[in-house]
Amino acid sequence: MGDFSNYGGSDEENAEIKRLSAEVDADTDNFENWEKLVRACEGLEGGLNRNSSPQALATLRATYDRFLLKFPLLFGYWKKYADLEFNISGPESAEMVYERGCASITNSVDLWTEYCSFKMETTHTPQLVRDLFERGANHVGMDFLAHPFWDKYLEYEERQEAQDKIVAILNRVIRIPMHQYARYFERLRTLAQTRPLAELVSADALARYRAEVEAESASFGIQKSEPEIERDIRVKIDAQLYTVFQQTQAETTKRWTFESEIKRPYFHVTELEHAQLANWRKYLDFEESEGNFNRTVFLYERCLVTCALYDEFWFRYARWMSAQEGKEEEVRNIYLRATTLYVPVSRPGIRLQYAYFEEMSERVDVARDIHAAILNKLPDCVEAIVSWANLERRQSGLDAAIEVYKAQIDSPTVDIFTKAALVTEWAYLLWKVKGSSEEARACFSKNVQWYSDSRHFWQKWLEFELGQPTSAELEEQHGERVKDIIQTIRSKSRLSPAVKQELCQVYLNYLQDRGGKQAMKEFLALDRELYGPQSISAITKAKLGGKENGVAIGELDEPTRQKAEARFYSFYQLHADPDPNAQGPASFN
């Protein structure tokens, strides 16, 4: 839409659409801005119709296309777009929109019902209409609230006066657990009293019932007439239909509790309540335990319309599908939908999981591309960089992993505190993979001048030194190394006093656990400096806003300090089981 200098309306309308377009471009996740833009485009030239200017129509279509690419699960807007196209260009254009909409939200009962209703009114070839209904039935027929769709299908066959097809549809529907299952059974039961027997059951079932009736008559030495045989067969068919009804009733009852708790069965950008997410989890647990693959898939697809912005359910779906034999492409499709449409790159966990899947599938180049795509949007995503380095280590060796770190550390787009974290990962590779503590120590030592303000850098260096094996003869040398790190933190780092206290506490613990005869002298001196009153402790004085030798201690500005003291976590470190007692809106993060 940015290619149009004139949007087709008045100067005032053009200025408004230009302003709204700029707001959308500035924050593409803001749903309200999108709605305002769509409404403004719909109102061009007093309301669009087939006589509107080409520029105004192009503006409307471009806006709708962008909007529904961003939010493809909004079935109401697909219907609205199709109606607009019908009024502007006719049924063919409207049908194209319906096709796109049903491809984007394949399990929308409402959209398929609207599409089929549209087809009923605009197409005079019954087979084309029936083909569309059958496509819809494959996508939404099992939905617990699918009765509007089935009602529309039955309505069409009533118009065609195709009683045989009505019986066939009802025979399918009475086997589906759904909200209004009983009325379909009652309708079929009534029809079954008068419709030809061949419409009611298969030829094999009909032959079996006839044989049973004749055998029962013969056992009593009775020769029944054809009307009497037909009457008895209808009794058996009625009994069989009632058995089906009871089975469907039982299956419906099992699901009723879960279904009654679903308050928002459609997609929206606003958060769901914790109770809603908990209900979906329980419902999925139930359907998985039932063991019906098709019903489980259908429920996942329903869930991922309502819960599309919660990556928890995309993870769960992919994990469940991967446990089914021979479903590699289905798993790939789940990851693709999650990563390209719904879960923002700011939550990269699902993308990294997708990369691991592709690596497992021996599509290593695809896995590399996924990592590169994450870093294109999040150049400071430490987890993605470490993941990429480990990918290269697994596939090509240690040197390839180090090259990943080198490239990111040399990149001008990567923040200095991210680089500090990457240096520590490089050092740990040298230590734990190559087995060279000396090279790892050298990596820390030569980079301290660049990263002395990074909390993560110091923490990992301390952990490295504390993790080195020692002996009685080497313990003193080991202690000096730890002491040197602590002294450097105190003298060279501009970290906040609170973080310095936290890091130095590690050395206090070391002195207690592993120090020698004179350790408590050093322990108490450091304790005084860390926790004493401001008259004797520079750190306490700094925490209280004082100065040391007339100079402010905390020289980092607040945004820089937050970066310097940030902790880096992986997806799995932050993972926590859902709180069953949580209340209120559930955050997407």
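A search of the whole structure, which is a predicted model, finds one cavity of 30 Å³ or more. On a 1 Å grid over the protein atoms alone, a cavity is a set of points where a 1.4 Å probe fits but cannot get out, whereas a pocket is an open set with protein on both sides within 12 Å along at least five of seven lines; a lining residue has an atom within 4 Å of a point. Grid points are joined across faces, edges and corners, and a volume is the space filled by probe spheres set on the points. Because the model is predicted, local features need pLDDT of at least 70 and side-chain atom pairs count only at pLDDT 80 or more, while totals for chains, interfaces and linings use all residues. Residues are numbered from 1 along each chain as its sequence is written, and side-chain values use heavy atoms, with hydrogens and water left out.

The largest cavity has a volume of about 50 Å³. Its lining is formed by Met142, Phe144, Glu259, Tyr283, Glu287, Arg295, Phe298, Leu299 and Arg302. Helix 14 and helix 15 (293–306) each contribute at least two residues to this lining, and helix 15 gives the most, with four residues. Helices (H or I, at least four residues) are DSSP runs numbered from the N terminus, as are strands (E, at least two). The lining of the largest cavity divides into five nonpolar, no polar and four charged residues. In this division, Ala, Val, Leu, Ile, Met, Phe, Trp, Tyr, Cys and Pro count as nonpolar, Asp, Glu, Lys and Arg as charged, and the others, Gly among them, as polar.

The largest pocket holds about 1200 Å³ of space. It is lined by 38 residues, and Asp311, Arg347, Phe571, Leu574 and Asn589 lie nearest its centre. At least two lining residues come from each of helix 14 (274–290), helix 16 (311–322), helix 20 (382–396), helix 22 (416–433) and helix 30 (571–574). Helix 16 gives the most to the lining of the largest pocket, namely five residues. By class, this lining has 17 nonpolar, eight polar and 13 charged residues.

The second largest pocket has a volume of about 860 Å³. Of the 28 residues that line this pocket, Lys70, Leu341, Tyr342, Val343 and Pro344 are the closest to its centre. Helix 3 (54–70), helix 17 (328–342), helix 18 (349–360) and helix 19 (364–377) each supply at least two lining residues, with the largest share, five residues, coming from helix 17. The lining of the second largest pocket comprises 19 nonpolar, three polar and six charged residues.

Helix packing was examined through axes, which are lines fitted to C-alpha atoms, for helices over the stretch in contact, with angles running from 0 to 180 degrees between N-to-C directions. The axes of helix 17 and helix 18 come within 10 Å and cross at roughly 150 degrees. That angle makes helix 17 roughly antiparallel to helix 18; angles under 35 degrees count as roughly parallel, over 145 as roughly antiparallel, 65 to 115 as roughly perpendicular and the rest as oblique. The crossing of helix 17 and helix 18 is left-handed, a term for a near helix turned anticlockwise from the far one by less than a right angle, with clockwise giving a right-handed crossing.

For helix 2 (residues 31–42) and helix 3, the axes come within 9 Å and cross at roughly 155 degrees. Helix 2 and helix 3 are therefore roughly antiparallel to each other, and helix 2 passes helix 3 in a left-handed crossing. The axes of helix 4 (residues 75–89) and helix 6 (residues 109–122) come within 9 Å and cross at roughly 20 degrees. Helix 4 and helix 6 are therefore roughly parallel to each other, and their crossing is right-handed.
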